[in-house]
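Open the model in your viewer and keep the selection tool ready. The tour moves from stop to stop, with a short note at each.

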Amino acid sequence: MKSGAPARSYVMTKRAQSAAATAERILDAAAGEFEDGTPIVGITLEAVAARAGVSVQTVLRRFGDKDGLFAASAERQAARVAAERDPAVAGDLAGAVVNLAGHYERDGRLALRLLAEESSSPFMAAVTGAGRAFHRSWCERVFAPFLDGLEGAGRRRRLAQIVAVCDVYVWKLLRLDAGLSPQAYREALLELLEPLTRRP
C-alpha cells in the first residue's frame with residue numbers, strides 16, 4: 001500500500017507557495033497605495049485588499065492588523081535596500097557611486113515620500129530613523145579605507161561629510177531640482193567625494 005505522505009507534502013508545499021504569493025501581493029498593494037500618493041494615515045485595509053484582489057479578512061489573517069501590514073512592508077523594503085547596497089565594496093569609490101546612484105534611481109522618490117511624512121507619523125519616523133542608521137553604517141563600511149588614519153573629532157567630521165554628500169537629499173538637489181542626468185549625477189557625486197577620500 002503506497003503512502004500518502006508525498007502527496008500530502010506536495011499539497012502543503014503548494015499551499016505554502018500560494019500563501020506566500022498572496023502575502024507578496026498584499027504587500028505590493030500596500031506599497032502601491034503609498035507610491036500613488038496616499039498618505040500612510042489614509043491607507044485603508046479595504047483599499048489594500050481591493051488592490052490585491054483579496055478580502056479584508058485575508059489581509060487581517062496574514063498580517064493581524066494595519067500596523068502589522070505596515071511593519072511587514074517596511075521590513076521587506078529594508079531588506080530590498082540592504083540587498084541593493086550591501087554589494088558595494090569597501091574602498092571602491094567608483095563602484096560605491098554606481099551602487100548608490102542605482103539605488104536612488106530606483107528608490108529615491110520613495111525615500112523622499114517617506115521622509116516627507118516622518119513628522120506626522122511615529123511609524124514613519126521609526127522607518128526613516130532606521131534608514132538613516134543603515135545609510136550611515138553603509139557609508140562607514142564602504143568608505144572605511146579612506147577614514148584610516150583619522151581619529152576622534154576629525155574622523156567623526158569626515159564621516160559626517162561623506163554621509164551628507166551621499167544623502168538622498170543631495171540626489172534630489174542634483175537629479176530632480178537641477179535636472180542632471182543619471183550620468184551627470186554620478187560624475188558630480190564623484191567630484192564631491194574625491195576630496196573627502198584622499199588619504200590623510
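Which residues do ring pairs link into a cluster? Select W138, F143 and F146: ring pairs join these three into a cluster. Keep in mind throughout that this is a predicted model.

**Stop 1: the ring cluster**

Stay with W138 and F143. Their ring centres lie 6.4 Å apart, with the planes at 75°. An angle over 60 degrees counts as edge-to-face, so this pair is edge-to-face. Are the two residues buried or exposed? Both W138 and F143 are buried.

**Stop 2: zoom out**

Show the whole chain as a cartoon. How many helices and strands does the protein have? There are 10 helices and 0 strands. Reading along the sequence gives α-α-α-α-α-α-α-α-α-α.

Switch to the C-alpha trace. Along the principal axes, the trace spans about 75 × 50 × 35 Å. The radius of gyration is 21 Å, whereas a compact globule of 200 residues would have one near 16 Å.

Colour by accessibility next. Of the 200 residues, 36% are buried. The protein exposes about 11200 Å², and carbon and sulfur atoms supply 57% of that area.

Take the contacts between residues at least 6 apart in sequence: 66% of them join residues at least 24 apart.

**Stop 3: helix α5 against helix α9**

The structure holds 4 aromatic pairs. For one of them, select Y104 and W171, whose rings are tilted at 40° between the planes and 6.0 Å centre to centre. Which helices does this pair link? Y104 belongs to helix α5 (residues 93-117) and W171 to helix α9 (residues 168-177). The two residues are 67 apart, so the pair links distant parts of the chain.

Y104 is at 4% relative accessibility and counts as buried. W171 has a relative accessible area of 0% and is buried too.

R175 has a relative accessible area of 14%. The limit for buried is under 20%, so R175 is buried. E105, at 29% relative accessibility, counts as partly exposed.

**Stop 4: R113 on helix α5**

Stay on helix α5 and pick R113 and E117. What do their side chains form? They meet in a salt bridge of 3.1 Å, N to O. Both residues lie in helix α5, 4 residues apart, or about one turn of the helix. R113 is partly exposed, with a relative accessible area of 22%. E117 is at 10% relative accessibility and counts as buried.

R113 lies over the face of F34, at 4.0 Å from the ring centre.

**Stop 5: E140 on helix α6**

Jump to E140, in helix α6 (residues 122-142). Its salt-bridge partner is R136, with the closest N and O atoms 3.3 Å apart. Why are R136 and E140 separated by about one helical turn? Because they are 4 residues apart in helix α6. R136 counts as partly exposed at 41% relative accessibility. E140 counts as partly exposed at 27%.

Leaving out residues up to four places away in sequence, E140 touches L147, R155 and L159.

For a sense of scale, draw a line from E140 to V48. Their C-alpha atoms are separated by 38 Å, and the residues are 92 apart along the chain.

**Stop 6: the salt-bridge network**

How many salt bridges does a search of the whole structure find? The search finds 11 salt bridges.

Terms used: Residues numbered from 1 in each chain as written. Predicted model: local features only at pLDDT ≥ 70, side-chain atom pairs only at ≥ 80, totals over all residues. Heavy atoms only, no water. Phe/Tyr/Trp six-rings, centres within 6.5 Å; stacked < 30°, edge-to-face > 60°. Buried < 20%, exposed > 50% of the residue type's maximum accessible area, 1.4 Å probe, protein only. Lys NZ or Arg CZ within 6 Å of the ring centre and 35° of its normal. Rg over C-alpha atoms; globule rule 2.2 N^0.38 Å. Contact = heavy atoms within 4.5 Å. Areas by Shrake-Rupley, 256 points an atom, 1.4 Å probe, with all protein chains shown as cover. Salt bridge = Lys/Arg side-chain N within 4 Å of Asp/Glu carboxyl O.
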